[in-house]
Amino acid sequence: MTAPSRIVFEYAAHDDLVGALRRVRAEGYSHVEVYTPFPSDEIDEELPGPPTPVGAVMLLGGVIGGCGAYFMEWYAAHDYPYNSGGRPLNSWPAFIPVTFELTVLCSAIFGLLGLLWLCRLPRLDHPLFSLPQFIRASQDRFFLAIRTDDPRFTPLGLERLLEDSHPLSKQEVTS
Amino acid sequence: MPESRYNQPTVPPSAEPLVGPGETMERINATISRVPLTHPAPRFWWIGFGIAFVLVLVLLTAVSWLFLKGVGIWGINIPVAWGFAITNFVWWIGIGHAGTFISAFLLLLHQHWRTSINRMTEAMTLFAVACAGMFPLLHLGRPQYFYWLLPYPDTMGLWPQWRSPLVWDVFAVSTYFTVSLIFWYIGLIPDLAVMRDRAPTLLRRRIYGILSLGWRGDGRHWRHYEKAYLILAGLATPLVVSVHSVVGMDFAVAIVPGWHSTIFPPYFVAGAIFSGFAMVLTITIPLRAVYGLKHYITDRHLELMAKILMATGWIVAYGYFSEFFMAWISGDTFERYIPINRATGAYWPEYWTLVICNVLVPQALWWRRIRRTPALLFVISLLVNVGMWVERYVIVVTSLHRDFVPSSWGMFSGTRWDWATFIGSVGLFFALMYLFVRYIPSISITEMKRMVVTGEETE
Amino acid sequence: MSSLAQPADGTDRPHRSEPVTTVGRATDEFPPEASVWPADLSRRDFLQVMAASIALAELSGCNRPPSKTIVPYVTAPERALADGPVYYATAMSWEGYGRGLLARSNSGRPTKLDGNPAHPESLGATDAITQAAVLSLYDPDRSKTPRYHGAPIDWAEFQEQWLTEHARLQANHGAGFAVLTEPTTSPTVTRMIHRLLDRFPSARWYQHTPLARYDRDGRQDDYDFTRADVILAIEADFLLQHPASLRYTRAFSGRRRIENGRVNANRLYVIEAGPTLTGSMADHRLPASPHHARRLLAAIENALDHRPIGNDLSAVEQRTVEALAADLQAKAPNVVCVAGVECDDDIRAWADAINVRLHADGVTWHSLPSVRSDPDRRCAGDLAAAVRAIHDGQIRTLIIAGCNPAYTAPADLQFATALEKVPLRIHLGTHVDETAVACDWHIPESHFLECWSDVRAYDGTASIIQPLISPLYASRSLEELLSFLNEPPGRDGYDLVRETWQANRPSADFEQTWNGWLNTGLVDGTQNSRSKPSPPARAVGLQTSTSAPAVTVLIRPDPTIRDGRWANNGWLQELPKQNSQMVWDNAMYVSLAFAERENLTNGDEVELRRGSDRLRAPAWIAPGLAADCVVIHLGYGRTRAGRVGDNRGFDAYRFRRSHRLWSDDLDHVAPAHGHGWLVSTQTHFTMEGRDIVRTASAADPAHTAGLRPRTEPSLYPDWSYPSYRWAMLIDLGTCIGCKACVLACQAENNIPVVGKDQVARGREMHWIRVDRYFEGDPQNPQVLHQPVPCMQCETAPCELVCPVAATVHSSEGLNDMVYNRCVGTRYCSNNCPYKVRRFNFLNFQPPKDSPLYLQKNPDVTVRARGVMEKCTYCVQRIDAGRITAEKANRRVRDGEIRTACQDACPAEAIVFGDLSDPQSLVSRRKREPTEYALLEELNTRPRTTYLARLRNQNPALVGHEVPVRPNDTTNHAARGPVRSYLAAPDA
Amino acid sequence: MPNDPSPNPEQPPSGIPLFRPRATTVFRVVLLGIVLCIASTGYAVLQYYYSPYWNGIGYRRSQPVMFSHRHHAGELHIDCRYCHATVETSAFAGMPSTSTCLTCHSQIFTDTPMLRPVVLSSTRAEPLHWTRVTALPDHVYFNHSIHIAKGVGCTTCHGQVGDMPLMAKAEPMSMRWCISCHRDPAPNLRPASEIFAATWTPPSDQVERGRALERALHIDTTHLTNCSTCHH
């Protein structure tokens, strides 16, 4: 199946995009994408989609790291048991720092990998990059893209819906 | 939008903006990306980098000689078996703390003003920690076996000795470096996308393009991104505290009078942030002047940093005081001897240098005028850097040179190789900083734009 | 990236499997001081290393380990030198007097010397010099070939030359022929000389020694310190510097050993100028110049006669003299008065008279016949006589054998110039020394471990000196040379020695007797019997002069290198001097009073003037030195000693006059400009009021000793030690601080010499050190000695902080140090409160091809650069002992395992053993009430503990003396030079 | 619609993206590759130092004389101690002197080329230079006699010598390997009669027998894992 194409509206201002986004959401569009130079709470509130699971991923990493670390220390101390300064084999107070550090480390690494995985990055190519204006998506332009496979999608309807939202441009990007 | 919307009680509402007037998104893009893209003020850069690079060569020479002859080329001895290497290690780690503190801790406290300096300070953290991490390796009698400190299934059936703070160090420092790197890089991705889209040549577009992993500012990506960034900040904050606590425990765990003290971990952390902010000032003040970034790193930023400097300075001062108090209240002969020996013994000049630099000099910051005069701030920051190095020197050396048994008391003084290694590491640090400003936007473009447009803070 | 397998990391040792018989060549690179800049490092090498280190490329260890070879014998010797050490009974000459040895041989290499328990003048103990003697065998600077005017030649050439000379001498009955040797006790040497004199009737024999003669008019004083309750020592260092010092120390310390809480202690009064080891053991010490000493002695005599003692004494002196006199009379005849051999004759005579008067003669004071040879007076005289003869042209062929007069002659003899007048000069010596270069011919002399000889001890006991190794170089023993000179080509030392004894002790089964002597290490029946001394009824009175000179300079042999004969011995050079802790140098010892007056610090140059003579040298402030005295030591300032001994310190012989050998009056001493570089292993001599060395009074040890070692509760459960629990006890009451233990440890454990520069940097490597502290009045302080090895703490702070478990605790309570696991963080040393850990900051080992490796103990790893090391309780001996026991399915017996320091100790102050056996000696000794643990409040639970220092002060004098509160010393220490001395001139 | 020019003066030819889809795939593969490379290198290095190659197991080093233990020990049943004479008494097992070889070989095979080096060695009085088969590092102190005395047979460490034409190392001789036996010797103990057997295979009930021997020989393992047992 060939991926659907997108209708891309370019806006000059953050608030224009927010306005446009509100409209399409009001119309019940669900296959909506926005591309902005910076994150924005308002946009995030309007944007459909589930909350991010990245937090859970990082928690998992932390738990693995912590338990792994303490077990490693405990195992090492018992695998080759020796009397170090008269301390017991399982000197738990001394084992805490490494446990903590590895908790943080694993959690952070899971965070990075989780982020990349959830964003499906790295992805150097994207149909939108073929759009000349899109070069400013990272700089000072705000883009709204409606996927043509959206159940509510009709070219005219969309046209009418957003004509007075002052888009700088409107283009169709096929992939 | 009114900035007050996000103001928290932690900072008093201030009429003074954190960004100069008349900033637009495009102007931010242009001004900040100009530095890496068009490389302005090349003379400043080349001279500075040149000097730093010469010092790096000095470092290489010193290290080569060290590997050839052994640590005996340094001034260390019995009883003072630790000298410059550990001093430098602690000093650099401390400097490394400002970065993560600013980016993570202030982020959690919604301190908007961090936005303009977090990128630079995070870079500073990375380079400082790199310099720091070098020394524990170099100071080994047999550096070729450093990997015995790592847990791996060797043919001897042996493992690291987990009760030793030095093993904690290995994990603390490497964790700190990795996490800081991840934090820094994640913050960098959108800016790398900006660079990709502004770079003049195809090659540089491609390079920045690869580095930015094809970031395209997708709204749903921003959703994951902000969450991850925030949690990382939440992790980095206790990490900062833990790392220098562990470093402090290198000393506190030992029974050496002058080391064996419960105040060390907090007192080291405070000292770390103290020296860290000093180094931030040392770097930002010239930088913003040369590259015309005063609109983003305003005098207000400097003032706020100065205030933190003074606050942490007081905590450090309290640490010094508590040394005397604890020694006195312990009633222990050896404990009581140490602070007196520090202040009046053979190392009194070092001790009073650190008191002047770390306690007296920062008091100047009570005056707003001084907080507002970059030149003076710059001088003060340098003095604090010196003071903090001397503090670590005093802690390491004076505690060891006269411990329990008077018959084995001795003295320490650094040799030329001690100095070469230290100066060289400073060179390495600045060389890396120069490369950083040369190729990477030293202020977060994305967050700047966001603050200008929405007044929001990344969360 | 290096190997994960056991690293081939340069911690190597001489191969045990390869039998070593002789060494082909000896290297010429033995840097006594590991210099920080290697001379031979080219720019290119350096860049290469830089490149390597930049890449951090550690390529070694990535290939399979290379093959080693293993070389068996062609024909195995009858005693297979497989592996285990073999011990031989032999002896060495301590300045002519015999000391019995048990020499250890590993794979045919002599590696360690210990005392022969059967030998009456050794009793199984040794002093530091004996321990170091083995190193001289492997001295790379030893003379290796005969030389003619400095050029190496072979023996045949010399033989040729001598044959012609021999013929000439035979023709004229040896006219103009003279032999100069040291005074000897060797029967064989004496016999050979006599035979030489028989062959050449008009030949002459001279004897020269720069050291004191321990006999006077044919007899030797001998003392029985076991019976002496009160000892008065006048300038007598009988505990360290005496041929019988080992026996005397054993006896003296025996009376200081607390047993079952009680001790029948002797009381030692010392009158001396300079600080000596004996003085440091004194219960009451009066610093006095030789002149003032006479006043004191006169006063003592008066006091004995109950006459007014005269008022030219200080209050303390008066009190002490009276108390001393009372003490002597009370305890007579179990008292003894010992006058040092360096004293003037009238003082020695006075001592004799006192002993007679107190009826000590035959009780504590005895007489022995002199064991010095030439009973029939065939010796033509001393060096002065020889010089006169030379000037009279009576000496045309001079043999200088086994001594170094060109260096050791008193300045006024001007021996060097005299020597030039002799047409033919032949020298025998172990080194190409000052005399060798002034002679035409030089013959290398064999080390006593290489050749056959014999020697007699102070008490007459004769021992056969048997070699453990064939000569390393083309050297001859003195006997062999004499035999050669007598009847070229001469005969083998073995035959000569056997011949002597066959003549002395003819018997049917001589072979058996001979072997018996070799096994026991002594010739039975040669010990002289002690007789009651018969001195002149009333000795010549003391000449007490009222006018004292400005300053008196005392000239003494150096405590470690003596007259300079040991100057090229790195161990002795680096051994802290027993009276100052200084190393690698001699100095001008000045009194604290002088230093304060002139505001001197250690190292400031001081100039002595005597008429036109000048002597400049750096000063060393010696607390306890009499105010108007200066002490200088012989043996330094050598120019041809070798790379270790050359150009160190100053030459005191240049200031010595043949008629005032031991003390000289000067008109002037003053600070000169300039500063010398003196180095000592200890820079701080007060205890800062800390509880380091505890002192108990002999009267009531249990009471004064204070606390018993307490083990404070620990948060952690205690570890159990199911099997042996090794422990050590060091008795500070008996320890005299002679430092034999330090060198015994150095020899046993392959401890390197680091050189003056490294010691100055605080990097000396001794595993056991002997600390000395001053207490009380700095002008005349009480000296405290404290040997400090690793304490083997049960809760060792060092172990806890090691990141790689290179130092962990063994199941028998040892604090194991694993060199090959150590990465060198040095954290353990920082965390050791006793600072007994030593670190290889640089590569301190000699070059791979140095003969010094032949001395290494194959059972101890030679440590690489960058690893930590420390006392192990001689764990290699523990393992060997345990293996022996386990093979026999029994436990190790008490006393079966002895540490090297314990073996050496003449005072038996060190006891090692198993705590799990309550009846073991160490357990019993540890139950003494004066036992304490160093820094016990740290709860490190040391296995090594101490018995408190014992002081037996005269009750009449207690309290009267300068108060002994450490704070006082610190207050004293607060003053200028005193501070600079007592309170660490560290900088 | 209006479309003001990009702020960037030299914008790329519009429509042509910076990367083609293949680039993404390549990039991802490369990233993955780097990670895998690092991991596998580490693993490979570990394996290398555990490998028989590194330990030289089964590696027959060239010897001056092609001496066959199989023939002498295995077939002729010459006792180990005949040549390695000090194995019961000292740390070093002892290497046979040339004269030891000649006790037999002065009579038999005297002039075979194989024996030539031995003959030369004795005539010229030059020792044979054998290549070590099992060499421990210099900081390891191994004592043969105690192991023999406590029931550890030759072949436990040196392998089935009786089957070896040319001697080869049979065990890694790594610390891990030594320690494993020092912790629990029972599996390797045998009765005194079997100590010098040139080939030996443990009986089925070795563990019980081993335990019994351990008690009989008073083997106390508590001190066997002390560092100072092998390192001083």
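In this predicted model, 69% of the 459 residues of chain B count as buried. Here a residue is called buried when its relative accessible area is under 20%. The secondary structure of chain B consists of 15 helices and 0 strands. Its radius of gyration is 23 Å, close to the 23 Å that the globule rule gives for 459 residues, so chain B is as compact as a globular protein of that length. Along the principal axes, the C-alpha atoms of chain B fill a box of roughly 70 × 55 × 40 Å. Among contacts in chain B with a separation of 6 or more, 80% are made by residues 24 or more positions apart.

Chain B also touches chain C. The contact takes 67 residues from chain B and 74 residues from chain C. About 6000 Å² is buried between the two chains, and carbon and sulfur atoms give 61% of that area. On the side of chain B, Ile78(B), Arg142(B) and Ser407(B) lose the most area to chain C, together 12% of what that side buries.

Lys835(C) forms a salt bridge with Asp403(B), in which the closest N and O atoms are 2.8 Å apart.

Several helices of chain B give two or more residues to the side that touches chain C, among them H5 (165–198) and H14 (416–439). The largest share, 8 residues, comes from H2(B). By class, this side of chain B has 42 nonpolar, 17 polar and 8 charged residues.

Notes
Residues are numbered from 1 along each chain as its sequence is written. Chains are lettered from A and ligands numbered from 1 in the order in which they are written. This is a predicted model: local features need pLDDT of at least 70, side-chain atom pairs count only at pLDDT 80 or more; totals for chains, interfaces and linings use all residues. Side-chain values use heavy atoms; hydrogens and water are left out. Contact means heavy atoms within 4.5 Å. Buried area is the accessible area (1.4 Å probe) that two parts lose on being put together, summed over both. A salt bridge is a side-chain nitrogen of Lys or Arg within 4 Å of a carboxyl oxygen of Asp or Glu. Helices (H or I, at least four residues) and strands (E, at least two) are DSSP runs, numbered from the N terminus. Ala, Val, Leu, Ile, Met, Phe, Trp, Tyr, Cys and Pro count as nonpolar, Asp, Glu, Lys and Arg as charged, and the others, Gly among them, as polar. The radius of gyration is taken over C-alpha atoms; the globule rule is 2.2 Å times the number of residues to the power 0.38. Buried means under 20% relative accessible area, exposed over 50%, partly exposed in between (1.4 Å probe, protein chains only).
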